[in-house]
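Here are my notes, as numbered points. Please read them with the model open.

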Amino acid sequence: MKKIIIGAMMCATVMVTLLTSCEDTLETKNFTDMSPSNFFKTEGDFDAAVTGLYLPLTTNWGYSDGGTGGWYTSLFNADMSSYFSASLITGDVMRSYSTHPYAEFNVGPSTNGAISTTYNVLRFVARATDVINQMENSNGATEVIRSRYIAEAKILRAFYMYTLFDFFGPLNVKLNPSTLMNNDIEPRPSSETYIGYIEKDLNDALATVSLPDRYNDNPDEWGRMSKAIAYGIKLRLYMHEKNWQQAKATAQTLMGMGYRLLDSYERVFASAVNDELIWAVPANTASDNYYVTETLPNDFKRGYNHQGRSYIRGTEDTYFSGWKAYCMRWEFYDTFEPNDTRKDVILCEYDNSNGQRVNRENGMVGPIPIKFMDTQFANWGTQTAQPVLRYAEVLLSFAEAENELNGPSAEAVQALKQVTDRAGVEIPASATASKEAFRDYLLLERGHELFGEGMRRQDLIRHGVYIKLARERGNNAQDYQVLFPIPQFAITESNGILKQNPGY
């Protein structure tokens, strides 16, 4: 999948449609001479065009968007200005070391960082529309090849639309190729209409015979969109909407696609491709993963987990300090059972560069959710893929949907038990006493299982406790802050057509 990462970076300057203007960021212009008559003639042309759509989907720092002249953090970069990190530090599992507007619910329409970098994927929705249209009208390649690439582009477009929906609610995405060059600003659609856009793209892709079910047995293509990823996006969408019947059915489909839990939690994060990963963003020398570096203190030398097992970054002579961006909250760490094996990838004390042992008693702000225990380091980053969708999440989502439909049934408990058994945790009888008790226990278990994977904000919002917990931490969080504000520049340039989210 290295070619997707490198290719996406190279394709940044040859996208078919670039949305730009010095005076109007929302204006649409065509900056290339590509057309069905001189492009999209071969499979290589299709591949290049679709590869360019992956540009925001890396763990690397970010990308320069030729359409705006701006620099945007990649969605899955671990920097504090990314979509990924904003979904971490606004919840009850992780915290930032220093003051941060996102962590403190002090975000407005002019705040930089995750808002602007996430909003920029609106352009990639439009670019995907153009690429899909040109592929559909091309005679290049065979129908089998053409339909596969179109399906891939539609899944990417659906994921970008879901990402925008998650952060901002429904936006005025460009899905009609005949109006791409039209600079008129459309009003925001209803949530129902917008969800229909996402579902249609995913259903179209899933109906494509030539689209592979998964790429777990094909490491060279790992990271490409597949039917399994399309189902995974649908599952998140239905969980977001509390559409329990559809969520359960979608989870069941994924549960029949050959995925499984690995026997060791730590092993899941020790390889880029395995049978538990449905989708992981690849990382390599062209696109480092900085998650571990962001979690390590800046005086880190050697860390220890709850069993006293040590972890050294690199070697004694070549260790690099971390950037001390965020850590786990001690109060959440205390919710793990004593022998929970997921604690094996969390460092609860460390030796600093002065040879001193630092722990909870003498100033350690929070445990280090390092997760990637066997990774060696170079260039301040790692070459370990960042998980986006795992089979464990599917099981937990199935259990939640089944519980909401039928209470803590045997099916719901069995799905959860697969996750807790691997962790060496026994489900207490109190957790299955009622639908409400099982719901609460599932939310806690999602935190235990999925910490550091960028989903806690969404889980807390779905359970209705996101704002409540933020207030309990001392933040002046308001009910409307379940959504982020649309960037002020977009509101201003729309001349009142684009409506801001309530409260901002």
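1. A cut-off first: a residue counts as buried when its relative accessible area is under 20%, as exposed when over 50%, and as partly exposed in between. Lys-248 has a relative accessibility of 12%, so Lys-248 is buried. Keep in mind throughout that the model is predicted.

2. Surroundings of Lys-248. This lysine belongs to helix α9, residues 244-255. Leaving aside residues up to four places away in sequence, Lys-248 touches Phe-398, Ala-401, Glu-402, Leu-405, Asn-406 and Glu-411.

3. Helices α13 and α14. Two packed helices are described by the angle between their axes and the distance between the axes. The axes of α13 and α14 (residues 410-423) come within 8 Å and cross at roughly 150°. Angles over 145 degrees count as roughly antiparallel, so α13 and α14 are roughly antiparallel to each other. Their crossing is left-handed.

4. What makes up that contact? On the α13 side, the residues are Ala-392, Leu-395, Leu-396, Phe-398, Ala-399, Glu-402 and Asn-403. They meet Glu-411, Ala-412, Ala-415, Leu-416, Gln-418, Val-419 and Arg-422 of α14. By class, the contact has 9 nonpolar, 2 polar and 3 charged residues.

5. Salt bridges overall. Side chains of opposite charge can pair when their charged atoms come close. A search of the whole structure returns 38 salt bridges. A few deserve a look.

6. Asp-166 with Arg-457. Their side chains form a salt bridge, at 2.8 Å from N to O. The pair links distant parts of the chain, 291 residues apart: Asp-166 is in helix α6 (residues 143-168) and Arg-457 in helix α16 (residues 456-462).

7. Arg-236 with Glu-393. The closest N and O atoms of this salt bridge are 2.9 Å apart. Here, too, distant parts of the chain are linked: Arg-236 sits in helix α8 (residues 227-240), Glu-393 in helix α13 (residues 391-406), and 157 residues separate them. Arg-236 has 15% relative accessibility and counts as buried. Glu-393 is buried at 3%.

8. Glu-349 with Arg-357. This salt bridge has an N to O distance of 3.5 Å. Arg-357 is partly exposed, at 37% relative accessibility.

9. A network. Salt bridges link Glu-276, Asp-340, Arg-342, Lys-371, Arg-390, Arg-422, Glu-445, Glu-449 and Glu-453. One of these, Arg-422, is also in the α14 side of the helix contact described above. Another, Lys-371, is taken up next for its backbone.

10. Backbone checks. Most residues other than glycine have a negative phi. Lys-371 has a positive phi, near 65°. This residue is in the loop between β11 (357-358) and β12 (386-390). With a relative accessible area of 2%, Lys-371 is buried.

11. Lys-324 also has a positive phi, near 50°. Its place is the loop between β8 (310-312) and β9 (326-328). Lys-324 is partly exposed, with a relative accessible area of 35%.

Conventions: Residues numbered from 1 in each chain as written. Predicted model: local features only at pLDDT ≥ 70, side-chain atom pairs only at ≥ 80, totals over all residues. Heavy atoms only, no water. Salt bridge = Lys/Arg side-chain N within 4 Å of Asp/Glu carboxyl O. Helix = DSSP H or I, 4+ residues; strand = E, 2+ residues; numbered from the N terminus. Buried < 20%, exposed > 50% of the residue type's maximum accessible area, 1.4 Å probe, protein only. Axes fitted to C-alpha atoms, helices over the stretch in contact; angles between N-to-C directions. Parallel < 35°, antiparallel > 145°, perpendicular 65-115°, else oblique. Left-handed = near helix turned anticlockwise from the far one by under 90°. Contact = heavy atoms within 4.5 Å. Nonpolar A, V, L, I, M, F, W, Y, C, P; charged D, E, K, R; others polar.
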